[in-house]
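Biologist: I would like to learn how to read a model like this one. Could we go through it feature by feature?

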Amino acid sequence: MKNALVTGGSGGIGAAICQRLAADGYHVYIHANNGVKSALSLVDDITADGGSAEVLVFDVTDNKAVEEILIPLIEQQPIQVLVNNAGIHDDAIFPGMQAAQWHRVIDVSLNGFFNVTHPLMMPMIRSRWGRIINISSIASLAGNAGQVNYSAAKGALNSATKSLAREVASRGITVNAIAPGIIETNMTASTFNTDDIKRMVPMKRAGTAAEVADLVGFLASDKAAYITGQIISINGGMV
Ligand code: NAP
């Protein structure tokens with residue numbers, strides 16, 4: 001059984017990704033930071049459905065804490081599917097944005113990508129098979145007022161995706177990013193109302209976490225072996 005790690009598995013999109021990968025036969029490491037309770041109850045749901053999962057807890061911005069958890073794990077068996085999904089937004093129109101808001105958002109999405117991905121790379125390379133899937137955002141492609149920090153973090157994640165894809169393509173490892181539009185989760189519940197969504201999204205509805213998870217499931221599968229270095233949008237037509 002291959003191992004998969006989903007950062008932010010305690011959140012809305014992350015939980016759906018964990019369920020998808022568990023249903024596809026992976027042992028899933030459900031990562032949480034503050035949301036340990038949600039992650040534990042997701043383990044119960046997955047095991048009740050016949051899947052295999054356990055919880056890992058760390059702050060993705062804390063390099064030392066991440067390595068302390070991940071390095072002993074991969075000594076036993078490599079993690080072959082990594083979904084870098086943990087992310088936050090902390091919005092403000094740019095002149096009013098505090099330095100702390102800028103650094104916090106970059107720290108989770110971009111430095112978090114480094115902290116988690118880096119220790120997993122050599123064992124993945126040695127196994128000659130791997131999938132890295134980074135959860136980006138439409139804000140990285142189209143920009144979004146009030147999200148200079150968030151779109152910068154996700155845009156850098158897209159670029160890291162492309163460079164890493166080139167480095168490891170010959171080792172059977174694909175690296176892609178998914179750029180969701182508006183997906184129904186706690187992150188968006190307070191940001192968009194139904195009228196906003198009808199106005200902004202040609203399909204007139206928000207996407208679901210399960211729809212994002214199905215795309216992750218496909219990219220993680222052998223069927224997606226020739227797709228790498230791509231930023232794939234899932235946004236109901238918000239081109
Ligand atoms: P969410 O429900 O708020 O989940 C965010 C996840 O990130 C949580 O599991 C949280 O863990 C984790 N996280 C935050 N800071 C962390 C830290 N310092 N260390 C470790 N984990 C941390 O949000 P979501 O909507 O599912 O978003 C998931 C991803 O999709 C994010 O990267 C987001 O930018 C991206 N995205 C979402 C949308 C959307 O419409 N929802 C659109 C585009 C992109 P704890 O709760 O355990 O602390």
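Modeller: Start with contacts that skip over sequence neighbours. Not counting residues up to four places away in sequence, Gln19 touches Leu42, Asp45 and Ile46. Keep in mind that this is a predicted model.

Biologist: Where is Gln19 placed, and how far apart are the C-alpha atoms of Gln19 and Asp45?

Modeller: Gln19 is part of helix 1.

Biologist: Is Gln19 buried or exposed, or in between?

Modeller: The class follows from relative accessible area: buried is under 20%, exposed is over 50%, and partly exposed is in between. Gln19 has 37% relative accessibility, so it counts as partly exposed.

Biologist: Let us take a loop residue next. Where does Tyr26 lie?

Modeller: Tyr26 lies in the loop that connects helix 1 (12-23) to strand 2 (27-32). Its relative accessibility is 10%, so Tyr26 counts as buried.

Biologist: Which residues is Tyr26 in contact with, leaving aside its neighbours within four places in sequence?

Modeller: The list includes Met1, Lys2, Asn3 and Ala4. Leu21, Ser52, Val81, Trp129 and Ala220 are also in contact with Tyr26. As a C-alpha distance to go with this, Tyr26 and Leu5 are 9.5 Å apart in space and 21 residues apart in sequence.

Biologist: How should I read Ser137 in the same way?

Modeller: Begin with its place, which is the loop between strand 5 and helix 5 (139-142). At 6% relative accessibility, Ser137 falls under the 20% cut-off and so counts as buried. Beyond four places in sequence, Ser137 touches Tyr150 and Lys154, and also Ile178, Ala179 and Pro180. From C-alpha to C-alpha, Ser137 and Ala177 are 8.9 Å apart, while 40 residues apart in sequence.

Biologist: And what does Thr185 touch?

Modeller: With neighbours within four places in sequence left aside, Thr185 is in contact with Gly12 and Ile13. Thr185 sits in the loop between strand 6 (173-180) and helix 7 (186-189). Its relative accessible area is 15%, so Thr185 is buried.

Biologist: What should I look for in backbone angles?

Modeller: Arg128 is not a glycine, yet has a positive phi of about 60°. Arg128 is found in the loop between helix 4 (99-127) and strand 5 (130-135). With a relative accessible area of 49%, Arg128 is partly exposed.

Biologist: What is phi of Lys204, and where does Lys204 lie?

Modeller: Phi of Lys204 is near 65°, which is also positive in a residue other than glycine. Lys204 lies in the loop between helix 8 (194-200) and helix 9 (209-220).

Biologist: Now the whole chain. How many helices and strands are there?

Modeller: The chain has 9 helices and 7 strands. Its radius of gyration is 17 Å, close to the 18 Å from the globule rule for 239 residues, so the chain is as compact as a globular protein of that length. The C-alpha trace spans about 50 × 35 × 35 Å along its principal axes.

Biologist: How far apart are the mean positions of the positive and negative charges?

Modeller: The mean positions of the 17 positive and 20 negative charges of the chain are 9 Å apart.

Notes:
Residues numbered from 1 in each chain as written. Predicted model: local features only at pLDDT ≥ 70, side-chain atom pairs only at ≥ 80, totals over all residues. Heavy atoms only, no water. Helix = DSSP H or I, 4+ residues; strand = E, 2+ residues; numbered from the N terminus. Rg over C-alpha atoms; globule rule 2.2 N^0.38 Å. Lys, Arg positive; Asp, Glu negative; His and termini not counted. Charge placed at Lys NZ, Arg CZ, Asp CG, Glu CD. Buried < 20%, exposed > 50% of the residue type's maximum accessible area, 1.4 Å probe, protein only. Contact = heavy atoms within 4.5 Å.
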